[in-house]
Amino acid sequence: MSVLQRMQALLAQLYDAPVEHRVDDFLVTDRAKLAGLLGDRAQEGADEQVFVVQEDDEVRVGVYVDGAVLERLQRSNPLHALDEDNLHDYCTALEGVSHFHYLMWSLTRRRDVSLLELELQAEVDKYASAVALFTRQHNGRFPEGLHARLFHAVSFLPALDDSARKRYEEANRHAARYCRSLEQRFLRARRTRPELWLAELRRFFRCSHQEKIRQLAV
């Protein structure tokens, strides 16, 4: 099983939300091929992009993850040992897998999905899956500093237009607040309650866009 396929399996297990479609079957790793498919819609400088292309009466979904990112992940597999050296590449690839998985899960249920919802869920997915991996790999020890690393020590592609940058910033802000709340309620309390952490993640995953934003606005 490839690294990306194992990431998708991790999300499916985390949220109890399997899908029939495998990310590997929709993967593009060559930037020139991506440009040929999307033209000027290919994000400049991005190492990851999920795209939807209308072709006649069909809709084509694809996942681009830069080949160099995948090569580094194969050499230093975060599913075996997630650390500072591979965290950035892990998050890059996981974001693409998250977008694909959540999009497919929603489409099979005929749920509408906004771009903000996809970004918000991906931010939560990166954090939650990293917590799950790290605690599993370090005998239950909580990853100190992970929240700050993922939500505060961030930057955005300079080529983003104003609306896209605003969307990324809003998703980051909402997810940071939500994940901090999860920590305080379930993982840093006097008695940790990982089973309630997991139940809350699964509940949030299934909320509609409006429900998520309404909850996070409180």
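Helices (H or I, at least four residues) and strands (E, at least two) are DSSP runs numbered from the N terminus, and two strands pair if DSSP finds at least two bridges between them. As a general point, strands of a sheet pair through backbone hydrogen bonds, either parallel or antiparallel.

S2 and strand S3 (residues 58–65) run antiparallel and are joined by eight bridges. Within this pair, Gln 49 has Tyr 64 of S3 as its bridge partner, and Gln 54 stands opposite Val 59 in S3. The two strands form a hairpin with two residues between them, and Asp 56 in the turn has a positive phi of about 55 degrees. S1 pairs with S3 in the parallel sense over two bridges; the bridge partner of Leu 27 in S3 is Val 63.

## Basis of the model

Residues are numbered from 1 along each chain as its sequence is written, and side-chain values use heavy atoms, with hydrogens and water left out. Because this is a predicted model, local features need pLDDT of at least 70 and side-chain atom pairs count only at pLDDT 80 or more, whereas totals for chains, interfaces and linings use all residues.

## Nonpolar cores

The largest nonpolar core has 55 residues, and those with the most contacts inside it are Met 7, Tyr 15, Tyr 90 and Trp 197. At least two residues of this core are supplied by each of H1, S3, helix H3 (67–75), helix H4 (84–107), helix H5 (115–137), helix H6 (146–151), helix H7 (162–187) and helix H8 (194–206). H4 provides the largest share, 11 residues. Apart from this core lies another, of six residues, among them Val 28, Leu 38, Val 53 and Tyr 64. A nonpolar core is here a set of buried Ala, Val, Leu, Ile, Met, Phe, Trp, Tyr and Cys residues joined through side-chain atoms within 4.5 Å. Buried means under 20% relative accessible area, exposed over 50%, and partly exposed in between (1.4 Å probe, protein chains only).

Leaving aside neighbours within four places in sequence, Tyr 90 is in contact (heavy atoms within 4.5 Å) with Met 7, Leu 10, Leu 73, Pro 78, Leu 82, Lys 126, Ser 129, Ala 130 and Leu 133.

## Helix packing

The axes of H4 and H5 come within 9 Å and cross at roughly 125 degrees, which means that H4 is oblique to H5. Axes are lines fitted to C-alpha atoms, for helices over the stretch in contact, and angles run from 0 to 180 degrees between N-to-C directions. Angles under 35 degrees count as roughly parallel, over 145 as roughly antiparallel, 65 to 115 as roughly perpendicular and the rest as oblique. H4 passes H5 in a right-handed crossing; a crossing is left-handed if the near helix is turned anticlockwise from the far one by less than a right angle, and right-handed if clockwise. Residues of H4 in this contact include Tyr 90, Leu 94 and Tyr 102, and those of H5 include Leu 118, Ala 122 and Leu 133.

H5 also packs against helix H9 (residues 209–216), with axes that come within 10 Å and cross at roughly 60 degrees. H5 is therefore oblique to H9, and the crossing is left-handed. Leu 116, Glu 117, Leu 120 and Gln 121 of H5 make the contact with His 209, Lys 212, Ile 213 and Leu 216 of H9.

## Individual residues

Gln 5, in helix H1 (residues 3–15), is buried, with a relative accessible area of 8%. Beyond its neighbours within four places in sequence, Gln 5 is in contact with Arg 22, Val 23 and Asp 24. Glu 123, in helix H5, also counts as buried, at 10% relative accessibility. Not counting residues up to four places away in sequence, Glu 123 touches Phe 151, Ala 171, Asn 172 and Ala 175.

Phe 156 lies in the loop between H6 and H7 and counts as partly exposed, at 26% relative accessibility. Its contacts, leaving aside neighbours within four places in sequence, are Arg 165, Tyr 168 and Glu 169. Phe 156 and Val 50 are 106 residues apart in sequence and 17 Å apart in space, C-alpha to C-alpha.
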